[in-house]
Amino acid sequence: AEDGVDMLESALAGQKYSQVGKLGFEYKHPYVAIDGEIDGVKGPTAMVSAAAKYQNFVLGGQVKLNTNRWSEAPSLSFDDYDFGVAGHFADFGVALKTSKKMSELNASYWQKVNAGELPIKMAAEMNLARNAKGNRLVLTVGAETKKDGITVKAKATSNGIASLHIASPVCPQVTLKTSVEVDVKNLETNNHKFGLAFVCGTFKA
């Protein structure tokens, strides 16, 4: 028995433990939602996010406050803060949001159109990022359509990347998925990608 105790103590001695102390809270209302988390070990820090809905619009934001209580020089600082607003309507929607302390701005727009009997969902997105090297702007446009169980998605970016994805059922429980990605700016390189897969199970796309 003593040998077993010694072996257990030796095993526990080699383990590394970390302190964890978090408290979360949440409030939900048909038009307002608030949730947050307080970490009493790291920082301590407090993160709060909130969103409010009015008719077809949603406005929200989040903030993370660090007290730096356990550091050598305690002081309040904001580890993160962002906001977003979106509008959703019957056949189109718009959204604007920030990330990484508002250093990145993302704006998007989507709309449903009908080309004859073919339903098409079109979307466009702009991402603007600021860093020490300057500003980086990426534009993305895409479209998606689905008819007779076949889903086709196409996308192109201002970085020169164009992609096409097709999902088609070959039998009730098997789907064939094909993906192609081409680096238009560097056609002579090997940056292009091609994928082919058979997926068994319920078809969803």
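Relative accessible area is read here with a 1.4 Å probe on protein chains only, buried meaning under 20%, exposed over 50% and partly exposed in between; at 40%, Phe57 therefore counts as partly exposed. The model is a predicted one, in which local features need pLDDT of at least 70 and side-chain atom pairs count only at pLDDT 80 or more, while totals for chains, interfaces and linings use all residues. Residues are numbered from 1 along each chain as its sequence is written, and side-chain values use heavy atoms, with hydrogens and water left out.

**Overall make-up**

- Read from the N terminus, the order of elements is α-β-β-β-β-β-β-β-β-β-β-β-β-β.
- Of the 205 residues in the chain, 16% are buried.

**Largest pocket**

- The largest pocket holds about 280 Å³ of space, a volume being the space filled by probe spheres set on grid points that are joined across faces, edges and corners.
- A pocket is defined on a 1 Å grid over the protein atoms alone as an open set of points with protein on both sides within 12 Å along at least five of seven lines, whereas a cavity is a set where a 1.4 Å probe fits but cannot get out; lining residues have an atom within 4 Å of a point.
- The lining of the largest pocket has 14 residues, and those closest to the centre are Ala123, Gly142, Ala143, Glu144 and Ala154.
- Two or more lining residues come from each of strand E8 (118-131), strand E9 (134-147) and strand E10 (150-157), with E9 giving the largest share, five residues.
- By class, the lining consists of five nonpolar, four polar and five charged residues, where Ala, Val, Leu, Ile, Met, Phe, Trp, Tyr, Cys and Pro count as nonpolar, Asp, Glu, Lys and Arg as charged, and the others, Gly among them, as polar.

**Charged side chains**

- The structure has two salt bridges, each defined by a side-chain nitrogen of Lys or Arg within 4 Å of a carboxyl oxygen of Asp or Glu.
- One of them joins Lys100 to Glu104, with 3.4 Å between the closest N and O atoms; Lys100 is exposed at a relative accessible area of 56%, whereas Glu104 is buried at 15%.
- A salt bridge also forms between the side chains of Lys193 and Glu181, at 4.0 Å from N to O. Because Lys193 lies in strand E13 (residues 193-200) and Glu181 in strand E12 (residues 174-183), this pair ties together parts that are 12 residues apart in sequence.
- Lys193 is exposed, with a relative accessible area of 55%, while Glu181 is partly exposed at 27%.
- The charged end of Lys121 sits over the ring of Trp110, 4.9 Å from the ring centre; the criterion is NZ of Lys or CZ of Arg within 6 Å of the ring centre and within 35 degrees of the ring normal.

**Aromatic rings**

- The whole structure contains four aromatic pairs, in which rings of Phe, Tyr and Trp (its six-membered ring) have centres within 6.5 Å, planes under 30 degrees apart counting as stacked, over 60 as edge-to-face and the rest as tilted.
- Phe57 and Phe89 make an edge-to-face pair, with 5.5 Å from centre to centre and 80 degrees between the planes.
- This pair links distant parts of the chain, 32 residues apart, since Phe57 is in strand E4 (residues 57-66) and Phe89 in the loop between strand E5 (77-88) and strand E6 (92-99); Phe89 is partly exposed at 28% relative accessibility.
- The pair of Phe78 and Tyr81 is edge-to-face because the ring centres are 6.3 Å apart and the planes stand at 90 degrees; Phe78, at 47% relative accessibility, is partly exposed, as is Tyr81 at 34%.
- Phe57, Phe89, Phe92 and Tyr109 are linked into a cluster by ring pairs.

**Backbone and loops**

- Most residues other than glycine have a negative phi, and most peptide bonds are trans.
- Gln55, although not a glycine, has a positive phi of about 55 degrees; Gln55 lies in the loop between strand E3 (45-54) and E4 and is exposed at 56% relative accessibility.
- Asp148 is not a glycine either and has a positive phi of about 55 degrees; Asp148 belongs to the loop between E9 and E10 and is exposed at 69% relative accessibility.

Definitions and conventions:
Helix = DSSP H or I, 4+ residues; strand = E, 2+ residues; numbered from the N terminus.
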